[in-house]
Amino acid sequence: MPDVKSILRRQTQWQNERRELSWAAKIRQAEQVREGIQAIRNSRKQHG
Amino acid sequence: MPAYHRFMDEVAKLLNAMVEDGVISAYAVFGAVAQMRYTEAVVTLDADILVAVPEIGRLDVLTPIYEYCASRGFKPEGEAIRVGAWPVQFIPVFDALTQAALQRSDAGDIDGVPLRAVTADYLAVIGLSVGRPKDFARILALLEAESTSAQDIETLSAAHGLTAQWERFRRRFLDA
């Protein structure tokens, strides 16, 4: 059984690290995710 | 300039130019793009920009903005204007809260290009005033990031007649 507390602790640490990124870097992350979403939507439109 | 900065900085340059050319008096990014200044990145499809316009009382307040953007090749796209990779929604200040949020906005930057942003406390209270589930999620994210405090939100809410909304939020999400 995985150590859930340890996993959650590492997840919190990772989230805190991501929060420390610059505003520009975080915006770019959002842009990349949005590009991915739009690509999926376009793919769905093409395939019906 | 690094390629990964070529999107939002285009929006920033446009906004600064609009102020310089008198199309708007002031602006501040709010919504999800502003939230990212204080929390981790969030998924968002557009950029919301709070603006003050020079001609108060004009019914078609957005027309000069649309015309200015069109003259620079940025065309309307639904309720937004497409600026490079970003659909941008311009929201004229509409009450004392958004007016104050704009006046007290922070001077940030995107890799050296100035970009003003609504502060975390005003983001939270604006979210409280709108009251959608994603607004509540934003408030919780801002609190978790310690970019504002429950006390600050409570104080600002009281100043803008939103005490009841804050109390409901606090009871629902914060009280143990």
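In this predicted model, the buried residues of helix 5 of chain B are Ala120(B), Tyr122(B), Leu123(B), Ala124(B), Val125(B), Ile126(B), Gly127(B) and Leu128(B). Helix 5 spans residues 120–130, and because 8 of its 11 residues are buried, this helix of chain B is largely enclosed by the rest of the structure. The elements of chain B that cover these buried residues include strand 1 (26–30), helix 2 (31–35) and helix 4 (96–103), together with helix 6 (133–144), helix 7 (150–159) and helix 8 (163–174). Just after helix 5 of chain B, the backbone at Gly131(B) adopts a positive phi of about 80°.

Two packed helices are described by the angle between their axes and the distance between the axes. For helix 6 and helix 8 of chain B, the angle is about 70° and the axes lie 12 Å apart. Helix 6 of chain B is therefore roughly perpendicular to helix 8 of chain B, since angles of 65 to 115 degrees fall in that class. On the side of helix 6 of chain B, the contact is made by Phe136(B), Ile139(B), Leu140(B) and Leu143(B), which meet Phe169(B), Arg172(B), Phe173(B) and Leu174(B) in helix 8 of chain B. By class, this contact has 7 nonpolar residues, 1 charged residue and no polar residues.

The loop between helix 6 and helix 7 of chain B holds Thr148(B). With a relative accessible area of 9%, Thr148(B) is buried, because the cut-off for that class is under 20%. Neighbours within four places in sequence aside, the contacts of Thr148(B) are Ala120(B), Asp121(B), Leu142(B), Leu143(B) and Ile153(B). Among these, Ala120(B) is one of the buried residues of helix 5, and Leu143(B) is one of the residues through which helix 6 meets helix 8.

Attention now turns to chain A and its contact with chain B. This contact takes 16 residues from chain A and 27 residues from chain B. About 1900 Å² is buried between the two chains, with carbon and sulfur atoms giving 64% of that area. Within chain A, the residues that lose the most area to chain B are Arg19(A), Trp23(A) and Arg34(A), together 40% of what that side buries. The count of salt bridges between chain A and chain B is 0.

Helix 2 of chain A, residues 23–47, contains Arg28(A). Arg28(A) is buried, with a relative accessible area of 12%. Gln13(A) stands 15 residues from Arg28(A) along the chain, and their C-alpha atoms are separated by 21 Å.

Notes
Residues are numbered from 1 along each chain as its sequence is written. Chains are lettered from A and ligands numbered from 1 in the order in which they are written. This is a predicted model: local features need pLDDT of at least 70, side-chain atom pairs count only at pLDDT 80 or more; totals for chains, interfaces and linings use all residues. Side-chain values use heavy atoms; hydrogens and water are left out. Buried means under 20% relative accessible area, exposed over 50%, partly exposed in between (1.4 Å probe, protein chains only). Helices (H or I, at least four residues) and strands (E, at least two) are DSSP runs, numbered from the N terminus. Contact means heavy atoms within 4.5 Å. Axes are lines fitted to C-alpha atoms, for helices over the stretch in contact, and angles run from 0 to 180 degrees between N-to-C directions. Angles under 35 degrees count as roughly parallel, over 145 as roughly antiparallel, 65 to 115 as roughly perpendicular and the rest as oblique. Ala, Val, Leu, Ile, Met, Phe, Trp, Tyr, Cys and Pro count as nonpolar, Asp, Glu, Lys and Arg as charged, and the others, Gly among them, as polar. Buried area is the accessible area (1.4 Å probe) that two parts lose on being put together, summed over both. A salt bridge is a side-chain nitrogen of Lys or Arg within 4 Å of a carboxyl oxygen of Asp or Glu.
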